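Grab a pencil and work through these exercises with the structure open beside you. Try each task yourself before you read its solution.

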Amino acid sequence: MRGDLGDFELVTARTLREACDRVAEGYRPLAGGTDVMVLLSSGKLTHTKWVDISGVEELRQVRADERTFEMGALTTYTGVRRHPLLSRELPMLAQAASETGGIAIQNRGTLGGNIGNASPAADSPPALLAYGAEVVLVSRRGERTVPYATFHTAYKRTVAAPDELVARILVSRGDPGRVHYYRKVGPRRAQAISKVCFAGCADRDGARVRDVKIALGGVAPVPVRALEAERAIVAGEPFERVSEALGRAIAPIDDVRSTSAYRRRVADNLLRDFLRHVAHPS
Amino acid sequence: MADAPIELRVNGVARAPCVHPMRRLLDVLREDLLLTGTKEGCGEGECGACAVLVDGQLVDSCLVPVVQVRGREVTTIEGMADGESLAVIQQAFIDHGGAQCGICTPGMILAARELLDRVSRPGEADIREALAGNICRCTGYTRIFESVLKAIELERVGRAR
């Protein structure tokens with residue numbers, strides 16, 4: 001641990017009301033700590049006022065009605081994996097959860113934190129994008145629901161106002177016949193940050209793809225939907241056309257984890273693998 | 001922000017270190033409670049050397065602000081042995097060469113403990129997943145997996161008796 005804790009403040013919120021009050025006063029939320037504490041350890045945490053929201057019961061609930069899952073922001077990766085309905089009906093998200101860090105991280109990291117921290121390499125966003133998720137933001141001013149597709153505005157930026165907390169994530173319950181695919185490529189199989197992660201799902205009429213959703217992480221400043229590639233697939237276009245369309249949807253960079261060219265190649269390979277999986281689900 | 005007592009239980013004993021609420025659980029264990037069995041590797045949740053159990057759940061103690069374990073039960077490597085008598089997993093690591101330099105060993109053993117508590121008959125895939133968050137730079141992992149397999153077998157025999 002580098003540096004001194006003297007300047008930092010960590011207060012505890014017991015209720016959602018208290019959490020919203022604190023956030024309105026300029027405190028930032030700390031839940032599982034898997035992002036914030038890394039910065040603290042390395043002496044890179046610049047914001048000093050933090051509110052521990054991990055004990056706020058209202059943010060922990062997972063509910064399911066006939067049409068929708070509501071996952072509280074504090075739902076952990078382990079919580080997704082062990083929830084009998086979520087793990088069965090949202091396989092892309094469950095797979096993303098199982099590939100995020102190791103067990104110790106999965107026990108602590110939360111969905112709200114994963115999207116709120118807004119890393120472009122995060123593992124759950126492509127799954128949530130492909131599901132057409134919505135995000136409920138809460139503040140003292142009330143609640144509002146935004147499509148997850150509009151949540152990320154730029155690198156590490158979201159539509160959440162400084163006084164707003166991610167409260168819940170809403171996902172429609174799945175069609176039983178849908179084919180799901182999620183694959184993450186990192187430097188090694190476990191406990192690694194993604195170079196590229198890819199989520200896709202499709203509904204088929206016999207051999208024809210009736211509807212398809214594709215989203216990727218690690219290949220642009222924000223997680224991206226590949227809408228043009230989706231349309232090309234539904235129109236029955238040849239792979240080259242779909243591949244070109246996917247190429248236009250992404251804008252990977254060269255950085256410490258990979259190169260732009262490698263990420264493009266991997267994204268294309270994952271597209272091919274996804275389409276093979278759609279044609280022959282195992 | 002002022003230090004304040006944080007009440008918790010560590011290896012079955014009630015403790016109340018007077019610390020900053022954002023202090024890392026790892027530092028509280030090592031520096032305030034002088035339980036230096038828990039190691040620091042990377043300090044960013046990548047290596048698992050600092051893994052402990054909180055209410056039976058595996059966590060990286062470098063990523064846990066101590067205020068979040070108020071009222072909870074923390075189990076560290078010091079809580080594994082019963083006096084001079086080592087836990088089955090500890091003995092298996094000794095017998096099968098699962099420990100070399102020793103820095104990763106406490107985290108490995110806690111991760112293995114969590115696996116054995118969670119999965120009734122863990123297979124090799126379960127072991128690989130359970131230890132995926134723990135990095136070892138000495139053994140090449142094979143002897144660690146062998147140690148855990150042996151511990152699984154011994155615990156099963158122990159329960160059957």
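**Exercise 1. Work out what span to expect for helix α11 of chain A, and compare it with the distance between the end C-alpha atoms.**

Step 1: find the helix. Helices (H or I, at least four residues) and strands (E, at least two) are DSSP runs, numbered from the N terminus. Helix α11(A) covers residues 260–279, which makes 20 residues.

Step 2: get the expected span. The rule is 1.5 Å times one less than the number of residues, so α11(A) should span 28 Å.

Step 3: compare. The end C-alpha atoms of α11(A) are 29 Å apart, which agrees.

A quick word on what you're looking at: this is a predicted model, where local features need pLDDT of at least 70 and side-chain atom pairs count only at pLDDT 80 or more, while totals for chains, interfaces and linings use all residues. Residues are numbered from 1 along each chain as its sequence is written, and chains are lettered from A and ligands numbered from 1 in the order in which they are written.

**Exercise 2. Find the buried residues of α11(A) and what covers them.**

Step 1: know the cut-offs. A residue is buried if 20 or more other C-beta atoms lie within 10 Å of its own, exposed if 12 or fewer, and partly exposed in between; C-beta atoms are placed from the backbone.

Step 2: list them. The buried residues in α11(A) are A:Arg263, A:Val266, A:Ala267, A:Leu270, A:Leu271, A:Phe274 and A:Leu275.

Step 3: look for the cover. It's made by contacts (C-beta atoms, placed from the backbone, within 7 Å). The cover of α11(A) includes β11 (179–185), β12 (196–205), β13 (208–217) and α10 (239–249) of chain A.

**Exercise 3. Which residues of α10(A) are buried, and which exposed residues are on the face turned away from them?**

Step 1: the buried ones are A:Val242, A:Ala245 and A:Leu246. They cover an arc of only 100° around the axis, so they sit on the same side of α10(A). The arc is that of the directions from the helix axis to the C-beta atoms.

Step 2: check the cover. For α10(A), it includes α9 (227–234) and α11 of chain A.

**Exercise 4. How many residues does each chain bring to the contact between chain A and chain B?**

Step 1: count. Chain A brings 26 residues and chain B brings 28 residues.

Step 2: see where chain A's side comes from. β1, α2 (36–41), β3 (49–52) and α6 (103–106) of chain A each supply at least two residues. The most comes from α2(A), with four residues.

Step 3: sort chain A's side by class: 13 nonpolar, 10 polar and three charged. Here Ala, Val, Leu, Ile, Met, Phe, Trp, Tyr, Cys and Pro count as nonpolar, Asp, Glu, Lys and Arg as charged, and the others, Gly among them, as polar.

**Exercise 5. Where in chain B do B:Asn11 and B:Tyr141 sit, and what is the phi of each?**

Step 1: B:Asn11 is in the loop between β2 (8–10) and β3 (13–15) of chain B, with phi near 50°.

Step 2: B:Tyr141 is in the loop between α4 (124–130) and α5 (142–160) of chain B, with phi near 75°.

Step 3: Most residues other than glycine have a negative phi.

Notes. Contact = placed C-beta atoms within 7 Å.
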